[in-house]
Each structure stands twice: as C-alpha cells, then as structure tokens.
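Okay, thanks for coming, everyone.

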Amino acid sequence: MNRATAHPVSARSSGPHITEPRWPPFVAMVALGGLYAVLPSNVLGGMPRWLPFAVVTGLLIPIVITHHHANPWWNQTLGYLLNSFVTAAMIFALGSLLVEVTKHQITPQRLLQSAATLWISNILVFAAWYWRLDGGGPHQRSLTRGHTDGAFLFPQMTMHPEAKSKAGEEDWEPNFVDYLFLAFNTSTAFSPTDVPVLSRWAKSLMMVQALISLLVIALLAGRAVNIL
C-alpha cells in the first residue's frame with residue numbers, strides 16, 4: 001500500500017464511524033444490468049437479454065443483506081464476484097461487437113447504440129472496481145476517520161490539516177461518486193486529470209479502461225458515424 005499523504009492529518013482516529021451510503025454503487029450496478037439488457041442478443045452470445053440483469057440483481061440481494069448484517073468478508077467477496085461478472089460481460093460484448101463490425105452484420109444505428117452502451121458501461125464497471133479496491137474497500141476505509149492511504153491521491157488528501165479543518169473536510173474520505181468521476185475522466189480524457197495514480201494495480205486497471213474506451217470511441221462509434 002502506498003503512502004498518499006503530503007501532510008499528516010491530525011483528525012484521523014481509530015474506530016468505526018458513519019459509513020458512506022451504499023445506494024450509489026447499488027444504483028450503478030442496476031443500471032449496468034439494464035444497459036446489458038438493451039444490447040443485441042447476438043452481441044451477448046445468444047443468451048437472453050434479461051439474463052445479465054437477473055444475475056446482477058441476484059447478486060445484489062445478498063450483498064445488501066451482508067452489508068446490513070455487518071459481514072464485511074462476505075460482502076466484499078460477493079462484491080468481487082459481481083464486479084467480475086459485469087466486467088466479463090462487458091469485455092465479451094465488446095469482442096462480439098468487434099466481430100460483428102468486421103463481418104458487416106450490424107446496422108449503423110444499432111452499432112452506434114451498442115457503442116454508447118458499452119462506453120457508459122465501461123465507466124460504471126471501473127468505478128465499481130476503484131471503489132471496491134481502493135484502501136482495502138469501503139468497509140476498511142470506514143474503520144478510520146479521514147482518508148490518507150490509498151491507490152489514488154485525491155486533492156483533499158494533500159490539503160494542510162488547518163485548511164482541511166477550516167473547509168470542514170478533516171474527516172473526508174472518498175465515496176462512490178469520487179470514483180465515478182475518476183472513471184469518467186479516464187474514459188473521456190484517457191487520464192485521471194486531478195487525481196494522480198499511486199498504485200501499480202490502479203495504473204493497470206486504468207490502462208485497461210482507457211484501452212476499452214479507445215476501442216469503443218475510435219473503432220465502433222467512428223465506424224458507425226462513417227457508414228451512416
């Protein structure tokens with residue numbers, strides 16, 4: 001784990017405190033299941049379009065239950081399983097769509113719609129991974145007040161303690177929206193913009209995300225526009 005502090009944070013203390021709300025990542029996963037449901041069935045390998053949504057929903061139920069029953073190990077394990085599923089589904093759909101393009105077996109309108117769906121999915125998938133992995137995950141981050149260790153150096157982590165106190169950010173820690181913003185910038189600008197990346201695993205994931213975004217924008221969306 002990389003040390004991500006520019007200044008020591010005096011407000012940091014041990015012991016659990018109020019954790020971030022879990023509904024934003026929950027909504028993101030439901031949205032992912034819905035996005036996969038609008039993809040053409042041939043892009044999904046012939047499986048029913050409702051199946052990815054059903055799998056996502058089926059995994060979200062025990063994730064919510066284990067969170068409310070304070071079982072972090074099972075919650076994190078099921079979270080990894082869910083993230084792995086939506087990632088595999090996205091990569092499989094992208095590969096299938098590229099094959100369809102080379103065979104000229106998909107209409108421009110459907111290709112553009114599928115490319116937009118995969119681009120949005122790419123953002124949500126990697127936001128979920130960053131949120132699930134950074135600093136040991138949401139439960140581990142909630143065990144201390146203030147976020148000073150992690151794979152990403154958020155601007156609040158570099159603020160002087162006095163400045164953080166005046167801004168009311170002494171107990172600041174990232175939540176899902178911060179990772180969603182990071183993933184959006186990576187897919188849009190192919191860089192993390194205002195959040196430097198410290199960990200090798202995070203750099204690897206961001207390279208994969210940027211590559212997927214490049215394939216979707218340059219190859220799929222560009223091809224669809226050219227043949228409209």
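This is a predicted model: local features need pLDDT of at least 70, side-chain atom pairs count only at pLDDT 80 or more; totals for chains, interfaces and linings use all residues.

The protein chain averages a pLDDT of 84, and 87% of the residues score at least 70. The part to be careful with is residues 1-16, where pLDDT stays under 50. The model still has 48 contacts beyond four places in sequence for that stretch.

Now valine 86, over in helix α3, which covers residues 72-103. Is valine 86 buried or exposed? Buried: its relative accessible area is 0%, and the cut-off for buried is under 20%. And what does valine 86 touch, if we leave aside neighbours within four places in sequence? That would be Met29, Leu32, Tyr36, Val56 and Val125. Leucine 124 is 38 residues away along the chain, with 9.5 Å between its C-alpha and that of valine 86.

Trp23, Phe26, Val27 and Val64 make a nonpolar patch of about 390 Å². Helix α1, residues 23-37, gives the largest share of that patch, three residues. Valine 64 sits in helix α2, residues 51-68, and is partly exposed at a relative accessible area of 31%.

Last stop, helix α7, residues 176-189. Its 14 residues reach 20 Å from first C-alpha to last, close to the 20 Å expected at 1.5 Å a residue. Among its buried residues are Phe176, Tyr179, Leu182 and Ala183.

Technical notes: Residues are numbered from 1 along each chain as its sequence is written. Side-chain values use heavy atoms; hydrogens and water are left out. pLDDT is the predictor's confidence in each residue, from 0 to 100. Contact means heavy atoms within 4.5 Å. Patches are made of residues with over 30% relative accessible area and no salt bridge: like charges are joined within 9 Å, nonpolar side chains (Val, Leu, Ile, Met, Phe, Trp, Tyr) within 5 Å. Accessible areas come from the Shrake-Rupley method with a 1.4 Å probe; for residues, only the protein chains shown count as cover. A salt bridge is a side-chain nitrogen of Lys or Arg within 4 Å of a carboxyl oxygen of Asp or Glu. Helices (H or I, at least four residues) and strands (E, at least two) are DSSP runs, numbered from the N terminus. Buried means under 20% relative accessible area, exposed over 50%, partly exposed in between (1.4 Å probe, protein chains only). The expected span of a helix is 1.5 Å times one less than its number of residues.
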